[in-house]
Amino acid sequence: MSEKTSNLTIEEKETFMQEAIKEAKKAEGIQEVPIGAVVVLDGKIIGRGHNLREDSQDATAHAEMFAIKQACQSLHNWRLERAQLFVTLEPCPMCSGAMLLSRVDEVYYGAKDPKGGTAGTLMNLLDDNRFNHVAYVESGILEKECGELLSNFFRLLREKKKLLKNQNKD
C-alpha cells in the first residue's frame, strides 16, 4: 500500500467536491447520469468534466476523462503530477487507469460504486504497487450529497419509465 497522505484541509476537499457536484448537476440538466469531476493543481481547478455518454453515444465519455483531458491541455503536459482529482462517484476501471497513466497524485470521491468502483470498493487500482504509479485515495467527501444526486436521478428515471408503461397500457 501507498504511504501517500493528503495535505488538504476538510474545507478545501469540500470546496473542490462542491465544484465536482456543480459539474454533476450540468450532466443531470441534460438527462445524463449526474457525475462530475474536477482536477486541481496548486489550489486551482485546471480541468472540469461531467458525464456525456448518452449525448455522445461514447462509452468513454466519463466525467473524469473530460477533466483529465482538459487538465492536460491546460498544462500542455500529459503528466498531472501533484494534481488532485475530485469526482462525485468512485472511479471505474477505465477512469482509474487514466488517473494512473496521467500520474494524478490524489483522488477524492464522494459516493462508493458497489458495481464498478475500483478505488477501494471492488478493488483499488489506484493504490496497487504493481503499477509504476500509485495515488492517494480518500472516499466519502460530501458522500451524502453525491449519493443523493445519483439516487434521485435513478428514482425519477424509474418513475418516468413506469408512467410511460402505464400510459402505453391505456
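The legends below describe close-up views of a predicted model. Local features are reported at pLDDT of at least 70 and side-chain atom pairs only at pLDDT 80 or more, while totals for chains, interfaces and linings use all residues. Residues are numbered from 1 along each chain as its sequence is written, and side-chain values use heavy atoms, with hydrogens and water left out.

**View 1. Strand E1 and its covered faces.**
Strand E1 covers residues 36-41; strands (E, at least two residues) and helices (H or I, at least four residues) are DSSP runs numbered from the N terminus. Six of the six residues of E1 are buried, so the strand is largely enclosed by the rest of the structure; buried means under 20% relative accessible area, exposed over 50% and partly exposed in between, with a 1.4 Å probe and protein chains only. Gly36, Val38 and Val40 lie on one side and Ala37, Val39 and Leu41 on the other, and both of these faces are covered.

**View 2. The strand neighbours of E1.**
E1 is joined to strand E2 (residues 44-50) by six bridges, and the two run antiparallel; strands count as paired if DSSP finds at least two bridges between them. Leu41 has Lys44 of E2 as its bridge partner, and the two strands form a hairpin with two residues between them, where Asp42 in the turn has a positive phi of about 50°. E1 also pairs with strand E3 (residues 84-89), again in the antiparallel sense, over four bridges, and in E3 it is Gln84 that stands opposite Val40.

UniProt, in an unreviewed entry, places the feature "active site" at Glu64; UniProt positions are given in the numbering used here, feature names are shortened, and annotations may be inferred rather than shown by experiment. Glu64 is located in helix H3 (residues 63-75) and counts as buried at 4% relative accessibility. Leaving aside neighbours within four places in sequence, Glu64 is in contact with Ala37, Leu85, Val87, Leu89, Pro91, Cys95 and Met99, where contact means heavy atoms within 4.5 Å.

**View 3. The annotated binding-site residues.**
For "binding site", the unreviewed UniProt entry lists His62, Cys92 and Cys95. These residues span 34 residues in sequence, yet no two of their C-alpha atoms are more than 9.4 Å apart, so they gather at one spot. The lining of the largest pocket includes His62, Cys92 and Cys95; on a 1 Å grid over the protein atoms alone, a pocket is an open set of points with protein on both sides within 12 Å along at least five of seven lines, and lining residues have an atom within 4 Å of a point. His62 is in the loop between helix H2 (53-56) and H3, is buried at 13% relative accessibility, and touches Asn51, Arg53, Cys92, Met94 and Cys95, not counting residues up to four places away in sequence. Cys92 lies in the loop between E3 and helix H4 (93-101) and is buried at 17% relative accessibility; beyond its neighbours within four places in sequence, Cys92 is in contact with His62, Gly116 and Thr118.

The buried residues of H4 are Cys95, Ser96, Ala98, Met99 and Leu100, and what covers them includes H3, E3 and strand E4 (106-111). Just after H4, Arg103 takes a positive phi of about 65°. With a disulfide taken as a pair of cysteine sulfur atoms within 2.5 Å, the count comes to zero disulfides. Cys95 is in no disulfide, and the nearest cysteine sulfur, that of Cys92, is 3.7 Å away. Cys95 counts as buried at 0% relative accessibility. Cys146 is likewise in no disulfide, with the nearest cysteine sulfur, that of Cys95, 15 Å away.

**View 4. Helix H5.**
Helix H5 (residues 143-169) has 27 residues that, at 1.5 Å a residue, should span 39 Å, and its end C-alpha atoms are 39 Å apart, which agrees; the expected span is 1.5 Å times one less than the number of residues. Cys146, Gly147, Leu149, Leu150 and Phe153 are buried in H5, and the buried residues of this helix pack against helix H1 (10-29), E3 and E4.

**View 5. Ala71 in helix H3.**
Ala71 is placed in helix H3 and counts as buried at 0% relative accessibility. Leaving aside neighbours within four places in sequence, Ala71 is in contact with Val39, Ile46, Gly47 and Leu80. The C-alpha atoms of Ala71 and Gly49, which are 22 residues apart along the chain, are separated by 10.0 Å.

How values were computed:
On a 1 Å grid over the protein atoms alone, a cavity is a set of points where a 1.4 Å probe fits but cannot get out, and a pocket is an open set with protein on both sides within 12 Å along at least five of seven lines; lining residues have an atom within 4 Å of a point.
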